[in-house]
Amino acid sequence: MAPILGLAQELLVFLGKSILVVVESLVFTFIPVPRKKVAGEIVLITGAGSGLGRLLALKFARLGSVLVLWDINQERNEETRKMVQEAGVAGAYAYTCDCSQREDVYRVASQVKKEVGDVSILINNAGIVTGRKFLDCPDELMEKSLDVNFKAHLWTYKAFLPAMIANDHGHLVCISSSAGLIGVYGLADYCASKFAAFGFAETVFFETFASKQKGIKTTIVCPFFIKTQMFEGCTSSCFKLFFPNIHSCVLFSFLPPKLGMLLAEYVGAFNFMDGFTNSKKKD
């Protein structure tokens, strides 16, 4: 009898929370959610030397953030820093970093912590594209795509997430792509890297949510072609995405985000791997 009562209690709690989340979602459908205040926040942007990274830097500068600019191209990154300072921000720091190299990421991250402080908003924006069909793409270019577009996210999270957790304050931003949601002809390696980046960012979000780390926020951005040098010459007459597909249904993404998380918590999605022992077995 006790187990049944326990299950009934869990169900009632879940239903009560679900009703509150649905009401909240309906309210914010008509009442705009207040914008996040980023004045004074230390914002690190990878790939800040051009394109979207530069645009983001200028936008955050106008909002009063302290900018930490990373790029592999020192000259372009310095140009961005000067543009940011001209926009009226004194706190702008440019660092040359090859985000595809783990040790370089850790080295420059340590330098940032000493010279600027704890990064509170991390924007993983750096990216490359080969634009070649799979069998026409050299191995080293495919590896580079994965290193820059995905693996770099692992290293920057490892470098900056612990301080965010300690401070219970931080925001993780993943610049993925619409090519991280659906396969695109001629972009096999790019799609693979962007799918990986999306999945990684979403999984870390689940981990922070399950750990009740409410001060850590996550944003995953999936843009289409942006008019930058990266996709120069690309055109499209039509592009359609149909949601929810079967994976969206499984991940509850057709629901309001908070309701989806409550349902995932209720069915035990955050504990699916608790009993996993294969990684503990010796070879």
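Visitor: Which residues in H5 meet which residues in H6?
Guide: In this predicted model, the H5 side of the contact includes Leu141, Leu146, Phe150, Leu154 and Leu161. Among their partners in H6 are Tyr190, Ala197, Phe200 and Val204. By class, the contact of H5 with H6 divides into 14 nonpolar, four polar and two charged residues.

Visitor: Why is H5 called roughly parallel to H6?
Guide: Happy to show you! H5 (residues 139-167) and H6 (residues 188-210) pack at an angle of about 15°, with their axes 8 Å apart. Angles under 35 degrees count as roughly parallel, so H5 is roughly parallel to H6. Their crossing is right-handed.

Visitor: What makes H4 roughly parallel to H5?
Guide: Helix H4 (residues 102-115) and H5 pack at an angle of about 30°, and their axes are 9 Å apart. The cut-off is again under 35 degrees, so H4 counts as roughly parallel to H5. H4 passes H5 in a right-handed crossing. Arg102, Val105, Tyr106, Ala109 and Lys113 in H4 meet H5 residues including Trp155 and Phe160. In that contact of H4 with H5 there are six nonpolar, one polar and three charged residues.

Visitor: Now to a single residue. How do you know whether Asn77 is buried or exposed?
Guide: Asn77, found in helix H3 (residues 74-86), has 2% relative accessibility. Buried means under 20%, so Asn77 counts as buried. Residues that Asn77 touches include Ala48, Leu69, Trp70 and Tyr95.

Methods:
Residues are numbered from 1 along each chain as its sequence is written. This is a predicted model: local features need pLDDT of at least 70, side-chain atom pairs count only at pLDDT 80 or more; totals for chains, interfaces and linings use all residues. Side-chain values use heavy atoms; hydrogens and water are left out. Axes are lines fitted to C-alpha atoms, for helices over the stretch in contact, and angles run from 0 to 180 degrees between N-to-C directions. Helices (H or I, at least four residues) and strands (E, at least two) are DSSP runs, numbered from the N terminus. Angles under 35 degrees count as roughly parallel, over 145 as roughly antiparallel, 65 to 115 as roughly perpendicular and the rest as oblique. A crossing is left-handed if the near helix is turned anticlockwise from the far one by less than a right angle, and right-handed if clockwise. Contact means heavy atoms within 4.5 Å. Ala, Val, Leu, Ile, Met, Phe, Trp, Tyr, Cys and Pro count as nonpolar, Asp, Glu, Lys and Arg as charged, and the others, Gly among them, as polar. Buried means under 20% relative accessible area, exposed over 50%, partly exposed in between (1.4 Å probe, protein chains only). Lists of a residue's contacts leave out its neighbours within four places in sequence.
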